[in-house]
Amino acid sequence: MVPEGRQEIEDTVRATLCDVLGLAPERVADFAPETPLFGALPELDSMAVAGLLTELEDRLGILIEDDDVDGDTLETFGALTRFASAKALQ
């Protein structure tokens, strides 16, 4: 089922971060839009990015092209959530 609203997408992004990166749900629940991700979370290295994006594709029913992703996409939790929302709600 594809999430229909922004809150559902945010919840899906949080769950995906927990599942793919092995982060504690309590930790991810505290993520604010400005919480830094890539470069700040040791678990989110370049190898984990591919797994994270693939899992988001599957869970949200979206297609993420290589050209869609840049350094800003994974900079913060808010940036990743906005990216996923834009893809899922277009």
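So, the crossing of H1 and H3 is right-handed, and by that I mean the near helix is turned clockwise from the far one by less than a right angle, with left-handed being the anticlockwise case. The contact is made by Ile9, Thr12, Val13, Ala15, Thr16, Leu17, Asp19, Val20 and Leu21 on the H1 side, and by Ala48, Gly51, Leu52, Glu55, Leu56, Arg59 and Leu60 on the H3 side. When I say contact, I mean heavy atoms within 4.5 Å. Sorted by class, that contact of H1 with H3 has 10 nonpolar, 3 polar and 3 charged residues. For the classes, Ala, Val, Leu, Ile, Met, Phe, Trp, Tyr, Cys and Pro go down as nonpolar, Asp, Glu, Lys and Arg as charged, and the others, Gly among them, as polar.

Quick word on what we're looking at. This is a predicted model, where local features need pLDDT of at least 70 and side-chain atom pairs count only at pLDDT 80 or more, while totals for chains, interfaces and linings use all residues. Residues are numbered from 1 along each chain as its sequence is written, and side-chain values use heavy atoms, with hydrogens and water left out.

Back to the helices. H1 is residues 6-21 and H3 is residues 46-60, and their axes come within 10 Å and cross at roughly 140 degrees. Helices here are DSSP runs (H or I, at least four residues; strands would be E, at least two), numbered from the N terminus. The axes are lines fitted to C-alpha atoms, for helices over the stretch in contact, and the angles run from 0 to 180 degrees between N-to-C directions. H1 and H3 are therefore oblique to each other. On that scale, under 35 degrees is roughly parallel, over 145 roughly antiparallel, 65 to 115 roughly perpendicular, and the rest oblique.

Now, H1 has another partner, H4. The axes of H1 and H4 come within 9 Å and cross at roughly 125 degrees, so that pair is oblique too. H1 passes H4 in a right-handed crossing. Who meets whom? In H1 we have Arg6, Ile9, Glu10, Val13, Arg14 and Leu17, and in H4 we have Phe77, Leu80, Thr81, Ala84, Ser85 and Ala88. By class, the contact of H1 with H4 has 7 nonpolar, 2 polar and 3 charged residues.

Ser85 is worth a stop. You'll find Ser85 in helix H4, and Ser85 is buried, with a relative accessible area of 3%. The scale is: buried under 20% relative accessible area, exposed over 50%, partly exposed in between, using a 1.4 Å probe and protein chains only. Leaving out residues up to four places away in sequence, Ser85 touches Arg6 and Ile9.

On to the charges. Side chains of opposite charge can pair when their charged atoms come close. How many salt bridges are there? The count comes to 5, taking a salt bridge as a side-chain nitrogen of Lys or Arg within 4 Å of a carboxyl oxygen of Asp or Glu.

One of them joins Arg27 and Glu43, at 3.3 Å from N to O. That pair links distant parts of the chain: Arg27 sits in helix H2 (residues 25-29), Glu43 in the loop between H2 and H3, 16 residues apart. Arg27 is partly exposed at 36% relative accessibility, and Glu43 is partly exposed at 29%.

Then there's Arg59 with Glu55, where the closest N and O atoms are 2.8 Å apart. Both lie in helix H3, 4 residues apart, which is about one turn of the helix. Arg59 is partly exposed at 25%, and Glu55 is partly exposed at 25%.

Next up, Lys87 pairs with Asp68, with the closest N and O atoms 2.6 Å apart. Again the pair links distant parts of the chain, with Lys87 in helix H4 (residues 77-88) and Asp68 in the loop between H3 and H4, 19 residues apart. Lys87 is buried at 18%, whereas Asp68 is partly exposed at 26%. And salt bridges that share partners join Asp19, Glu55 and Arg59 into one network.

Last stop, the loop between H3 and H4. Is Thr73 in that loop buried or exposed? Thr73 is buried, at 6%, and touches Asp68, Ala79, Leu80 and Phe83, not counting residues up to four places away in sequence. Leu63 is found in the loop between H3 and H4 as well, but Leu63 counts as exposed at 56%. Neighbours within four places aside, Leu63 is in contact with Glu57, Asp68 and Lys87.
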